[in-house]
Amino acid sequence: MQYDVCIVGGAGHVGLPLGIAFAAAQQRVLIYDINRAALDRIQSGKMPFMEAGAEPLLKAALSKGLIAFSDKVELIRDCKVVVVTIGTPVDEFMNPSLRLISQCFEALIPHLSEKQHVVLRSTVYPGVSDWVAKLLAERGVRCEVSFCPERIVQGFAIEELKSLPQIVSGLTEEAENTAAKLFSLIAPEVVRVSMKEAEFVKLFCNAFRYIQFAAANQFYMICESANVDYNNVMKAMKHNYPRMKDVPGPGFAAGPCLFKDTMQLASFYENQFSIGLQSMLVNEGLPLFIVGRLKEKHDLRTKTIGLLGMAFKAGSDDRRSSLSYKLKKVLLTQAKQVLTTDPFVSDDSTLRPLDDVIEMSDILILCTPHKDYKQLNLRGRETVDVWNFWR
Ligand SMILES: NC(=O)c1ccc[n+]([C@@H]2O[C@H](COP(=O)([O-])OP(=O)(O)OC[C@H]3O[C@@H](n4cnc5c(N)ncnc54)[C@H](O)[C@@H]3O)[C@@H](O)[C@H]2O)c1
């Protein structure tokens with residue numbers, strides 16, 4: 001076969017760093033994706049999104065001829081391993097949708113054979129790995145199937161792929177062994193579990209982080225409501241007190257994974273995942289809380305409000321599921337004007353230069369604490385800084 005590994009959805013945040021990591025481990029990689037524009041950009045040596053340390057490795061892989069790109073699904077025939085990064089997003093009912101993964105496999109199936117190994121790599125609803133395995137068997141494709149979920153923090157995949165243990169599971173022992181061998185090429189260690197266990201490992205990792213953020217955000221809102229400075233409370237709580245060292249600071253808990261994966265668990269557990277559902281209400285409620293507090297002090301209809309940072313987290317250009325946009329949406333109906341800015345987001349034509357936003361706003365809300373905002377001249381504007389970033 002011409003390629004060792006094909007990454008389906010290979011132009012995306014999960015797929016591309018993984019493809020680059022395999023190429024850096026001397027594997028012949030095919031990046032398959034339906035987004036032709038993204039493939040063209042990557043093929044020219046440019047990353048389509050921010051990913052620390054990825055671009056030099058991409059260029060090295062291109063120059064060695066170890067990475068190729070295609071939007072033609074039939075090329076997957078020529079790949080020993082097919083890694084699928086398409087996941088199960090939640091729909092408007094907060095239930096997982098199998099539409100994308102099922103469309104993806106409909107396209108892949110005619111080109112898969114028993115000589116190949118399919119790795120499911122994205123986060124999936126519990127039972128989906130088995131569902132895929134059954135789908136393949138029903139269609140007469142007797143390939144190996146494994147589920148090896150991604151657990152990196154977005155933006156730092158290159159570093160984390162080589163430093164974090166990789167969860168590995170397979171439909172059969174052979175499949176698990178093949179997957180373990182594959183990931184041993186790039187990961188320091190593999191942890192073997194069953195497919196169902198691996199699904200829960202991944203979902204629990206994300207849901208737990210989401211719950212931790214919710215606890216911090218709820219503490220913050222309790223203190224604010226009592227006119228107590230939460231940051232002083234937090235500092236005192238954590239000072240030389242190891243049991244509190246992992247309490248995160250308050251801030252917008254958003255992005256394409258944490259909310260979705262918590263809702264997948266809630267759906268799986270028939271809406272009895274009460275701590276997850278409550279966390280969603282707290283985290284999604286923080287923008288509303290901020291608006292409520294501002295309304296206690298101001299007639300917002302007379303105020304221009306500037307939002308600093310529209311990416312879902314600091315140092316990122318990704319605005320998927322960013323709570324900055326939820327805050328913007330709420331304020332649009334309440335304030336005189338809402339202005340937005342971000343140093344990294346490049347796909348939102350409504351963004352304005354930072355200077356204009358500071359100059360024209362009465363109130364500035366720090367939505368995303370990008371490093372670039374540390375030393376700003378805020379020109380005496382009233383600020384809202386949930387993150388305690390400027391103090
Ligand atoms: N972003 C993260 O840090 C992260 C971490 C762990 C898990 N995940 C999970 O991984 C999955 C993918 O996330 P992402 O952030 O990489 O998304 P993404 O949108 O960045 O990438 C998905 C890619 O798949 C491509 N694609 C979509 N349908 C396709 C198809 N049928 N055939 C081929 N290509 C197709 C898209 O064009 C896109 O390039 C999600 O389920 C997500 O929850 C993401």
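Author: Gladly! One definition to begin with: strands are DSSP runs marked E of at least two residues, numbered from the N terminus. Please keep in mind that this is a predicted model.

Reader: Thanks! In which strand does Val29 lie?

Author: The numbering of strands starts at the N terminus. Strand S2 covers residues 29–32. Val29 lies in strand S2.

Reader: Is Val29 buried or exposed?

Author: A residue is called buried when its relative accessible area is under 20%. The relative accessibility of Val29 is 1%. Because of that value, Val29 counts as buried.

Reader: Which residues is Val29 in contact with, leaving aside its neighbours within four places in sequence?

Author: Contact here means heavy atoms within 4.5 Å. With those neighbours set aside, the partners of Val29 are Tyr3, Val5, Ile7, Gly19, Phe22, Ala23, Leu66, Ile67 and Ala68.

Reader: What separates the C-alpha atoms of Val29 and Ile290?

Author: Along the chain, Val29 and Ile290 are 261 residues apart.

Reader: Let's turn to helix H4. Why are its buried residues on the same side?

Author: The buried residues of H4, which spans residues 99–108, are Ile101, Cys104, Phe105 and Leu108. They sit on the same side of H4 because, around the axis, they cover an arc of only 95 degrees.

Reader: Are H4 and H5 roughly parallel or roughly antiparallel to each other?

Author: The axes of H4 and H5 come within 12 Å, crossing at roughly 25 degrees. Angles under 35 degrees count as roughly parallel. H4 and H5 are therefore roughly parallel.

Reader: How many nonpolar residues does the contact of H4 with H5 have?

Author: On the H4 side there are Ile101, Ser102 and Phe105, which meet Val128, Trp131, Val132, Leu135 and Leu136 in H5. By class, this contact has no charged residues and 1 polar residue, and its nonpolar residues number 7.

Reader: How do helices H8 and H11 lie to each other?

Author: Helix H8 spans residues 195–225 and helix H11 residues 274–297; their axes are 9 Å apart, and the packing angle is about 40 degrees. Roughly parallel would need an angle under 35 degrees, and roughly perpendicular one of 65 to 115. H8 and H11 are therefore oblique.

Reader: Where is Pro287 found, and is it buried or exposed?

Author: Pro287 is found in helix H11. Leaving aside neighbours within four places in sequence, Pro287 is in contact with Phe252, Leu323, Lys326 and Leu327. Its relative accessibility is 0%, so Pro287 counts as buried.

Reader: How many of the residues of helix H12 are buried?

Author: Helix H12 spans residues 323–332 and is largely enclosed by the rest of the structure. What covers its buried residues includes H11, strand S9 (304–308), strand S10 (337–341) and strand S11 (363–366). Among the buried residues of H12 are Leu323, Tyr325 and Leu327. The count is 7 of the 10 residues.

Reader: Last one! Is Asn227 buried or exposed?

Author: Asn227 lies in the loop between H8 and helix H9 (230–238), and its phi is positive, near 55 degrees, although Asn227 is a residue other than glycine. Over 50% relative accessible area counts as exposed. Asn227 has 66%, so it is exposed.

Definitions and conventions:
Residues are numbered from 1 along each chain as its sequence is written. This is a predicted model: local features need pLDDT of at least 70, side-chain atom pairs count only at pLDDT 80 or more; totals for chains, interfaces and linings use all residues. Side-chain values use heavy atoms; hydrogens and water are left out. Buried means under 20% relative accessible area, exposed over 50%, partly exposed in between (1.4 Å probe, protein chains only). Helices (H or I, at least four residues) and strands (E, at least two) are DSSP runs, numbered from the N terminus. The arc is that of the directions from the helix axis to the C-beta atoms. Axes are lines fitted to C-alpha atoms, for helices over the stretch in contact, and angles run from 0 to 180 degrees between N-to-C directions. Angles under 35 degrees count as roughly parallel, over 145 as roughly antiparallel, 65 to 115 as roughly perpendicular and the rest as oblique. Ala, Val, Leu, Ile, Met, Phe, Trp, Tyr, Cys and Pro count as nonpolar, Asp, Glu, Lys and Arg as charged, and the others, Gly among them, as polar.
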